[in-house]
Amino acid sequence: DMMDLDIVQSGDISAQEACRLAAITDDKPNSTSLTLILLYGSWNKITVDKDACQLMCSLLGAVDKGSARPSRMSVASVQADKSDDCVECSVCECVGDGKGLPISGLEAPAELPAIGVVVSVKDTRSAVEYAKIEPRKIISHLRSVCKGGGVKVDHPFRQAVADAISSAQKLALKPLPPSTGSNSKKTKISSGDDTETATRLFISGDRSHVGKSSVCLGLIGSLLRLGYDPKSLAYIKPATQCEATQLVEKYCKSVGVECVPVGPVVYFKGFTRAFLAGETDSTAVLLKKAGEAVDELAKGKRVIIVDGVGYPAVGSICGTDNASMARACGPRVPGDHEARTPAPVLLVGKSGVGDAVDAFNLNSVFFESVGVPVIGGLFNRLPLEGYYSLENCKSAVSSYFDQYKPGKQAFGFIPEVPDIAKTRENNGEDDGLDAALEQANKFIGIFDEHVDVGGIVKAAREYNERQDGSSSRTKKRVKVDAKLSGGEAKPIALTREQIEQTAKRAGAAGG
């Protein structure tokens, strides 16, 4: 029941070639193309030949005869580890044939091999879906075909492919939201009170002082270099332990980027004990304040950089750890007053190879265990020479992500910039503002050279487009031993000054 349409069979080609192939449509307005791509790795130990291509062609018979017929269909296979570029990176660069079309559903498959469906609509967008077929079954059938088993006309994979085609067609034909469009440097920004179109990105680190705020600085400065209007960007640190002026705050103010360097949650001296005693706002109130602060800042923006505090678990004693903050600071789910879609997380990691990867995995689990996505990592402060040089670590860590972390990326490796550390130490000196801004611009130049900033924003935006959202509601906390005449517990609140004075008299060093 094949369609009366020629199918372009390209065999085994590179990821870039496959993506260009998938983007080709005819000259008619709103014409579409449909491409099936078999993605596999050398470790799958399968042979891809003309019989495998014939199998892919037979699966195109899964196109619903009642649906809109694509003007062009093609099949191809791609060995994911054949080049240094990961499949996801190649797709980001090449879908749209260099025209910068928006891509819906773009992420690497969880396992290989996989059968990907790419639907492209002329001058509009492309969409990617993966057929829900167990990798072991794909391997088994390909081996059977290559041994002379033949291709079945009514193949059991066809329903899974049909579902993927239907889903990809719906995504590709879905109207574009105002905040997306061309990936060119001058993209139209959203306006008005639309807080849901802004891309929110949460920055966390595998330890304290790993360089989270410096990464925020680098991201903002690099986005400005990419052509973003300063008024379309914003920075906020919703929870903090340090209220001193930071370099990122100075830079934002100097270039006209709206910033909230000290948000509504401050872990001041004595805060945690006062929290446990019921003398501060409850967890629910603290998270609500953080979310509302981000919502207010997001109005009319394209990208919001949300700076985390310390390492991921900081604040967990109060229920305001970084994972909870990322959930609270994500966009609201339309039609649900309480529910939010978690803000995707970018993890800032240390130099090295084994230790860097181990720390990334450990801290990723902290977020993902509560449904907060981690899109990838940045590795900071790498030396330029020696066994653990930037290039050596980049090669090894990138190889690990390509092989074992589908759906996540190592977005960059940043060299040590000693002057930035000195600037942080002197960031309270107003007379050094010009020097501080000079160092900020120097760092941004280095950051922009070593980090795929466009890829980070794309990954965060693609995640937000795919989510339906989920609710994270925290029960109201009250002090256990405070009783009213009716036997109910009553919350107790003290002022910050009262809490700090009490803690100081008791010898507290911090929060």
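**Aromatic rings up close**

By the pairing rule used here, in which rings of Phe, Tyr and Trp (its six-membered ring) pair if their centres lie within 6.5 Å, the count comes to 10 aromatic pairs. This is a predicted model, where local features need pLDDT of at least 70, side-chain atom pairs count only at pLDDT 80 or more, and totals for chains, interfaces and linings use all residues. Residues are numbered from 1 along each chain as its sequence is written, and side-chain values use heavy atoms, with hydrogens and water left out.

View A. Phe 379 is buried at 2% relative accessibility, and Phe 401 is buried at 3%; buried means under 20% relative accessible area, exposed over 50%, and partly exposed in between (1.4 Å probe, protein chains only).

**View B. Tyr 387 pairs with Tyr 388.** Here the edge-to-face rings sit 5.1 Å centre to centre, with 90° between the planes. Tyr 387 is exposed at 66% relative accessibility, while Tyr 388 is partly exposed at 48%.

**View C. A cluster of rings.** Look for Phe 360, Phe 379, Tyr 400, Phe 401, Tyr 404 and Phe 413, which ring pairs link together.

Key
Rings of Phe, Tyr and Trp (its six-membered ring) pair if their centres lie within 6.5 Å; planes under 30 degrees apart count as stacked, over 60 as edge-to-face and the rest as tilted.
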